[in-house]
Every structure is written in structure tokens, then in C-alpha cells.
Amino acid sequence: MKHLDNELLPSWYLVDALETFPKNKISTFTRGGQQFAIARHKDNTVQVFIDECPHLKARLSKGHISKKGHITCPFHAWSFDKKGDGAEIPTIEGSKKCHRNLEVYPVSIQAGLVFFFFGTEALFAPPPIAEKFGSKLLMSKSFTTNQDCPWYVVSANGFDINHFHSVHN
């Protein structure tokens with residue numbers, strides 16, 4: 001597992017709703033101070049990885065998903081398959097396969113939400129969001145606010161379904 005300055009613990013992390021990521025594009029998000037890339041393929045499969053090429057650290061989010069479904073670096077066009085294995089180096093004759101791999105994290109999509117496990121393999125199952133909440137799950141866009149009140153008042157409102165229906169619709 002890659003060492004990060006603001007290290008995340010090996011666990012499941014919510015990324016966002018699947019629908020927020022365009023098909024056949026690479027987008028970015030940040031967790032624990034680290035920029036990650038998320039690739040949503042045409043078939044709705046999703047890859048999550050640190051947003052840097054293992055070759056020279058170029059931002060893979062500035063690259064593209066090839067016709068073969070490979071993540072392609074914008075700098076030297078190295079590409080990586082859905083498992084993260086080096087697929088090809090098109091600029092070098094006779095050397096078609098990359099010798100470096102991209103670390104791709106386990107992904108789970110539940111109730112339209114994308115989760116990733118920060119680690120080379122998931123150590124436990126993702127939270128059972130779909131089983132527990134199903135169609136009752138309410139989504140809210142993330143926001144920042146400063147309130148002049150005790151912390152537990154803000155926290156309680158976050159779990160108050162009636163609050164969401166009356167104030168945030």
C-alpha cells in the first residue's frame with residue numbers, strides 16, 4: 001500500500017453518487033489530503049486509484065480511457081488495464097507492456113453510491129447501505145457551515161429525516 005502524508009486507515013470510504021461521474025471519463029476526489037482518481041467506464045465499472053502515473057507521477061486524471069478500456073497517461077501514453085496491470089507503452093518499439101503497475105483499490109457500488117477500500121485488498125465487507133436503507137436513503141450534496149451552537153445540535157440534525165424533508169427539499 002502506498003504511503004501517504006495524511007495517511008488514511010485501511011477502511012471503506014464513501015466517494016460520491018455514481019451518477020456524478022460521467023461515463024468513460026476520469027474524475028478526481030480528495031480523501032485524507034490525498035488526490036484520488038476515479039474512472040467510470042462505459043459498462044459502469046469503476047476504478048479508484050491515486051491520481052499519479054507510476055512512471056513519472058503525471059496526473060492520470062488529465063489522461064483518458066482508451067477504446068480498450070485502459071487508463072492512459074497524458075504524459076507518455078502508458079496505459080493500465082482495469083486491474084491496474086501495465087498494458088502498453090506505445091512509444092517504444094518492441095516493448096509493448098509497461099513494467100510498472102497502477103495500484104487499483106477495491107470498489108463497491110451500493111444504492112447508487114461508490115465506496116472504495118483504501119488498501120490492496122478489502123479486509124472486511126463494505127457497509128450494508130443498500131440492505132439497511134434501500135429506497136429510504138436520502139442524498140445531500142456536501143457543504144460547509146459554521147453554527148453558533150453546541151456540536152450535538154448540528155450532529156442531531158444530520159440524522160433527522162424530518163429535518164431533511166422540511167428544510168433541504
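View 1. The model is predicted: local features need pLDDT of at least 70, side-chain atom pairs count only at pLDDT 80 or more, and totals for chains, interfaces and linings use all residues. Residues are numbered from 1 along each chain as its sequence is written, and side-chain values use heavy atoms, with hydrogens and water left out. A salt bridge is a side-chain nitrogen of Lys or Arg within 4 Å of a carboxyl oxygen of Asp or Glu. Asp 51 is buried, at 0% relative accessible area, while Arg 59 is partly exposed, at 38%. Buried means under 20% relative accessible area, exposed over 50%, and partly exposed in between (1.4 Å probe, protein chains only).

**View 2. Salt bridge of Lys 57 and Glu 52.** Here the side chains meet at 3.7 Å, N to O. Lys 57 is partly exposed, with 47% relative accessible area.

**View 3. Salt bridge of Glu 88 and Lys 68.** The N to O distance in this pair is 3.5 Å. The pair links distant parts of the chain, 20 residues apart: Glu 88 lies in strand β8 (residues 86-88), and Lys 68 in the loop between β5 (64-65) and β6 (71-72). Strands (E, at least two residues) are DSSP runs, numbered from the N terminus. Glu 88 is partly exposed, at 23% relative accessibility, whereas Lys 68 is exposed, at 61%. The structure holds four salt bridges, including this one.

Technical notes:
Helices (H or I, at least four residues) and strands (E, at least two) are DSSP runs, numbered from the N terminus.
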